Amino acid sequence: MSTYSRNKGKQHERDLAEWMSRVSGTKYRRVPMSGALHLDWPGDVMKIGREDSVFDGVLPEAKNCNQISVPKWIGQTEGSALDAGLSRWFICFRYQAKHYYILPGNYFEELIKKARQEAEPKTQD
């Protein structure tokens, strides 16, 4: 892998950590050595803060490629999630300067239900 490709991947992992931090209000950072320390930190991003986060129990994976290989990525990410004992995961990939997300249907449904519950008006008893 060229230095350019490696740096491109690292930057995308940092961008994903920054996005997760902004969305969740909890600090995230890129895993050193791009997930090579998968026994301690599965995925490409790890939580720094102790606060509860919407991403707790979720394996995040970052891909920044010119060729889209969705079936391969899903297989790799599902395998890593299973190895880590996690049932939820998502892939953030960058293609032609845009970010896209892939996640299993059951996790997507869980997120939609949670969003609906939070959007419902609170009733006074």
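User: Why is T77 called buried in this predicted model?

Analyst: T77 has a relative accessible area of 1%. Buried means under 20%. The value falls under that cut-off, so T77 counts as buried. The residue is found in helix α2, residues 70–83.

User: What is T77 in contact with, leaving aside its neighbours within four places in sequence?

Analyst: T77 is in contact with L59, E61, W89, F90 and I91. Contact here means heavy atoms within 4.5 Å.

User: Why is G25 called exposed?

Analyst: G25 has 62% relative accessibility. Exposed means over 50%. The value is over the cut-off, so G25 counts as exposed. Its place is in the loop between α1 and β1.

User: What makes the rings of W19 and F55 a tilted pair?

Analyst: A pair of aromatic rings is described by the distance of the centres and the angle of the planes. Here the centres are 5.7 Å apart, and the planes stand at 50 degrees. Centres within 6.5 Å make a pair. Planes under 30 degrees apart would be stacked, and over 60 edge-to-face.

User: Where in the chain do W19 and F55 lie?

Analyst: W19 is in helix α1, and F55 is in the loop between β2 and β3. They are 36 residues apart, and the pair links distant parts of the chain.

User: Why is the pair of Y28 and F55 called edge-to-face?

Analyst: Their ring centres are 6.0 Å apart, which is within the 6.5 Å limit. Their planes are at 90 degrees. That is over 60, so the pair is edge-to-face. Y28 lies in strand β1 and F55 in the loop between β2 and β3, so the pair ties together parts 27 residues apart in sequence.

User: How many residues make up the largest nonpolar core?

Analyst: There are 11 in all, among them L16, Y28, F55, F90 and C92. The elements giving two or more residues are α1, β3 and β4. The largest share, three residues, comes from α1. A second, separate core has seven residues, including L59, W89, F93 and I102.

User: What makes β3 and β5 edge strands?

Analyst: The open sheet has three strands in the order β3-β4-β5, with mixed pairing. β3 and β5 each have a single partner strand, so one side of each is left without a neighbour in the sheet.

User: How do you know that β4 and β5 pair?

Analyst: They share five bridges, in the antiparallel sense. Pairing needs at least two bridges, so β4 and β5 count as paired. C92 stands opposite Y101 in β5. Helix α2 packs on the sheet, touching β3, β4 and β5.

Definitions and conventions: Residues are numbered from 1 along each chain as its sequence is written. This is a predicted model: local features need pLDDT of at least 70, side-chain atom pairs count only at pLDDT 80 or more; totals for chains, interfaces and linings use all residues. Side-chain values use heavy atoms; hydrogens and water are left out. Helices (H or I, at least four residues) and strands (E, at least two) are DSSP runs, numbered from the N terminus. Buried means under 20% relative accessible area, exposed over 50%, partly exposed in between (1.4 Å probe, protein chains only). A nonpolar core is a set of buried Ala, Val, Leu, Ile, Met, Phe, Trp, Tyr and Cys residues joined through side-chain atoms within 4.5 Å. Axes are lines fitted to C-alpha atoms, for helices over the stretch in contact, and angles run from 0 to 180 degrees between N-to-C directions.
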